[in-house]
Amino acid sequence: MSGGSAPGTGHTYSVPELQNIAKELRRDIIQTIYTAGSGHPGGSLSELEILIALYFRVMRYDPKNPGWPDRDRFVLSKGHASPGFYAVLSRAGFFPREELSTYRQLNSRIQGHAHPMTPGVEMNSGSLGMGLSFALGCALAARLDKKDYMVYALLGDGECDEGEIWEAAMSAAHHKATNLVAIVDRNRIQNDRFTDDVMALDPLDRKWRDFGWRVMETDGHDLDQLLATLEKARTRRTRPTAIIAHTVKGKGVSFMENNPGFHGRAPNAEEFQKAMEELA
Amino acid sequence: MVAQRKMASTRQTYGETLLEMADSFPDLVVLGGDLNVSVFTHLWRDKYPERFFDFGPAEQNLVGVGAGLAASGKVPFVSTFSVFGVGRPFDQLRVLVSQPGLNFKLVCTHAGILTGEDGMSAHGIEDLSLICSLPSFTVISPADTVETVQAVKTAASEDGPFYIRLSRAATPVVHDDDYEFELGKAELMREGEDVTIVATGVMVSVSLDAAEMLEAQGLQARVLNVHTLKPVDEEAIIAAARETGAVVSAEEHYFHGGLGSIVAQVIGGNHPVPLEMVALQGYSESAKAEELMVKCGLTAEKVKEAALKAVSRKQ
Ligand SMILES: Cc1ncc(C[n+]2csc(CCOP(=O)(O)OP(=O)(O)O)c2C)c(N)n1
Ligand SMILES: [Mg+2]
């Protein structure tokens, strides 16, 4: 995998093995946020299986050469959910796991919102709505450079309130960016409340379809379904593909699940204990 | 030696002040962008749901709708974090709000590096520069909660676009409860004739500490709280330059286009004297607010050093 143009990550994990990785990384997420005393657990836990499917089966990349020109690109547009991303990147070999404990600390490479100073991070983030435009730029560059890499952008559902998402959507279809895949982490919660209370998004599938995209839906935690959907998204491409991944915010920790209160707050000592017990 | 001050949250004060104004300003409406708990407008949202609108994270729309409400006789208070409320909808603020001079109030929290752990994209270090470049805006950067209450009430009472800049972190209270805020008039917080420290926002408290340290070294520093950056109190700044012969500006903002630039314009055009700027030199990073203040040199020690340097440059 390293160096040349060999496709794939070299990972051949089975689904049960991926599920074990998910369990391990959920603990990393909780530990990372607890150590920092701040961060965004909800969206980190909801996105996790999506990232695991991408990084441990679907995408080709070289952690020893993060800038490898032929790599598939992943763009975390919902940059606050960086702890989930960092857990995956370190597990994939981009940087040592010990660095997770420096998250949000002075002089760290592991910033509060994902920033390209971290190996494996493509885009600076933290201001919602920008990632799909950036991903489209990466996708168009592949065409110019005659490369066959794919570009995956992960969007929050609250993030889809931003107009720029829909400007990017319209233009991606117009420019026929068939190597672009937008994945919406549809956990139905944003910063303050449930998306239905802040800004109703449904019917979300029709919105993407009407903007000229091929639309797929999947359970965002079921790795079999996710892998099948991501595989399908790579084939028979005539339009950009949107995958609506139905997820549970805070997935895996009972008191965080579907709880808007854990969008952007660290667990306290007692909650940390309880979460780690549940994830043991 | 350095004063111990009570800490209080200006953003919480903002949310509470809005509630106080609900009856006296029947046209007041509040607009938010999915950060209402963080900016404390959830207090208003839950009490006056019919006078509240949430647009989610969609700041261009947020400002555009606010402009339409203002043009229809409402008094919109639009609130989110400073990076999202100033940067993202800048053109809407320029064309829809500033150019027609609408009665529109933008109150943003989480300004500057006091936002801490969220990191550089969340640090509003350019907001004063951007918003001061919009001709119609009145710009206020309160030093504490006491000043925030009066700044918010003043913004509601006065016609035209206002920007009020608040922090995420609780900040030291430097005013007594009987303090009277006067829009556009710098507040003389400490008299002195050797040097003047012109400060705004959280740096007012830091500068008062610096003045005490200077006193211990035999220097009397005047401290001016420039809460209104636009229109700025030119008279007070010119008088400070003339009477003390050296000036230091202190702000929790990038050194381009903020208080330091404004002070430089005023003294350069009227009464040139040595000026030292204490301000941010570039982007920062994720860390605790207090740690960032030290790393970025926004400390009493650094203000003191700047004052000594300004004094040493006197002719
Ligand atoms: C432009 C912009 N406006 C506001 C915010 C503040 N903010 C941070 S996260 C968030 C909610 C995001 O919700 P969602 O996209 O659903 O994320 P998830 O549920 O996946 O965590 C908001 C409003 C921001 N980061 N950027
Ligand atoms: Mg969400």
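First, the ground rules. The model is predicted, local features need pLDDT of at least 70, side-chain atom pairs count only at pLDDT 80 or more, and totals for chains, interfaces and linings use all residues. Residues are numbered from 1 along each chain as its sequence is written, while chains are lettered from A and ligands numbered from 1 in the order in which they are written.

Start with the ligand. Where does ligand 1 lie? Between chains A and B. Helices here are DSSP runs of H or I with at least four residues, strands are runs of E with at least two, and both are numbered from the N terminus. Ala, Val, Leu, Ile, Met, Phe, Trp, Tyr, Cys and Pro count as nonpolar, Asp, Glu, Lys and Arg as charged, and the others, Gly among them, as polar.

Next, the chain interface. 25 residues of chain B are in contact with 26 residues of chain A, contact being C-beta atoms, placed from the backbone, within 7 Å. On the chain B side, α2 (36-39), α4 (59-71), α5 (82-87) and α12 (289-295) each supply at least two residues. That side divides into nine nonpolar, eight polar and eight charged.

Now chain B itself. It is divided into domain 1 (7-172) and domain 2 (187-312); the bounds come from an automatic or database domain assignment. Their C-alpha centres lie 26 Å apart. The contact takes 28 residues from domain 1 and 27 residues from domain 2. The domain 1 side has 14 nonpolar, nine polar and five charged residues.

Two sheets of chain B. One is open, with seven strands in the order β3-β2-β4-β5-β7-β6-β12 and mixed pairing. Strands pair if DSSP finds at least two bridges between them. The edge strands are β3 (52-54) and β12 (228-230). Neighbouring strands are turned by 20° on average, direction ignored. Axes are lines fitted to C-alpha atoms, for helices over the stretch in contact, and angles run from 0 to 180 degrees between N-to-C directions. Inside this sheet, β4 (75-81) and β5 (105-109) run parallel, joined by five bridges. Ser79(B) has Val107(B) as its bridge partner. Helix α8(B) packs on the sheet, at about 170° to β7(B).

The other sheet is open too, with five strands in the order β9-β11-β10-β13-β14, again mixed. Its edges are β9 (187-190) and β14 (275-280). Helix α13 (300-312) of chain B lies across β10, β11, β13 and β14, running at about 160° to β14(B).

Last, chain A. Which residue stands opposite Glu217(A) in β5(A)? Ile244(A). The strands are β4 (214-219) and β5 (241-246), parallel, with six bridges. The chain crosses between them through helix α8 (223-234), and this β-α-β crossover is right-handed. That is, with the strands pointing away from the viewer, the path from the first strand over the helix to the second runs clockwise.

Methods. Near = placed C-beta within 6 Å. Contact = placed C-beta atoms within 7 Å.
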